[in-house]
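Load the model in your viewer and keep the selection panel handy.

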Amino acid sequence: MSYAPEGQQHQPYRPEGQNPQPPYGDQYGRPYGQQPHGRSPYAEQYGGQPQSYGQRPQGQWEQEQPEPPRHRSRGRRWLIAGVSVLALAGIAAGVMAYYEIPPFTDKGSAVSFGHDGGGKGSGQGGSGTQQPANSKMLMPTGPAADFKNSMTLADGTHVAVTSLDGKKSGFKGKVWVWAPKEYNDPKFAKSGFPVMIALPGGAGYPSNYWMGTDLGLQTSISKWYAEGKSKPFLLAMPVLNPGPDDKGVYWDGSDIPGQPKMGTWLTEDVPDLMKANFRTVKSRDGWAFMGSSTGGFAGMKAVLKHPDKFKAVIASGPDIVPDSSLWKGHDKEKAENNPELLAKQLIDTKGPDVYIAFQVGDNESNKKTLPDVQKFVATFGNKGPVHTSLRVIPGGQHNAKTYVPNMGEGPIQYISKVMEGPVE
């Protein structure tokens, strides 16, 4: 199913204009040559009595009246010029920041996220102390990725991006990452954090729309953690597909024969990137997915197919069965990536417990989405190891702006209760 998020709207910075008053001529606030009616400029000098032109009091030498001072006029002109320059500079800075031109933006600068691993899988921290063998936390294994800042949020945290050359999938693509401010809190310096792999809908290429601030995923996680609703998740936001969603072609986040191995990319290479660069949780109890539409399908499938690696998923408005046209001629492989069949298999084998938090709007564009999810929950939910919850969003539509705020009304709490982290 194709899904296109609402676009981000940017407004360039425009400082308020300044409208200085026109300069005046003299210290009285009058243009030169204009005097008060009925008084001569000589009146105060000669006792306050008006004098006719050419008349002077007897006994006084003829004196030349000085011109009114002009230094205030020049000062005002300099002031106006200075204000104008500052206003233009402000506009220019805003434009340069909007178009991300250094030095008016930190976009593109290196971000390390306080990388403190041994760098080559040594399992040692920055101080060189050996990690205890019974620790639930996994130190960064390295090598450190080349992260560049994509966005700085209001709390000072960064959304950064790197190009990941997937060693196991053979696919190379972008991954955006984010760490909550708690990650660099000295209180958690020896703690491993849970990871959420956030998947978009639709093409999910060449970017992942969860990395944008207008949808508020990062700020929401920080808020929910402060409210006691959520774990302080690290976020991994990879591209979902290897190319544009051209004429409805997409890859289901799966290893479709003859196609890029997007299933391996999402479940092997992306987690390896997070383990290499962050303090994470060793066990599956610290690993989850979140996604909408096609991304919800891919995340749910990943958890059901690899319950030994992942424990939970928030699936918003998801497809329930694989429906890519690229599966044609590959029925066996398609069945191996079908969440319904995977759930049945997990129940039959009494596999590890997994937790699926569904949320679906009752005004979805695809009217089959809600009934399909309800059928899945009725058939497989809360039977054996497959645990489910369903939040139906009143008036909810098939878009990320519906899903993010509603995650805080049940789904994020549901998976956070069964996950671990931060852990030592």
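Start by selecting Lys-309, which is partly exposed at 28% relative accessibility (buried means under 20% relative accessible area, exposed over 50%, partly exposed in between, with a 1.4 Å probe and protein chains only). Before moving on, note that this is a predicted model, where local features need pLDDT of at least 70, side-chain atom pairs count only at pLDDT 80 or more, and totals for chains, interfaces and linings use all residues. Residues are numbered from 1 along each chain as its sequence is written, and side-chain values use heavy atoms, leaving out hydrogens and water.

Glu-268 lies in helix H3 and Lys-309 in the loop between helix H4 and strand E10, so the pair ties together parts 41 residues apart in sequence (helices, H or I of at least four residues, and strands, E of at least two, are DSSP runs numbered from the N terminus).

Next, pick Asp-285 and Lys-311, another salt bridge, with the closest N and O atoms 3.1 Å apart. Both of these residues are buried.

For contrast, select Lys-332, exposed at 58% relative accessible area. Lys-332 forms a salt bridge with Glu-336 at 2.7 Å between the closest N and O atoms.

Finish at Val-195, in strand E6, which is buried at 0%.

Key. Salt bridge = Lys/Arg side-chain N within 4 Å of Asp/Glu carboxyl O.
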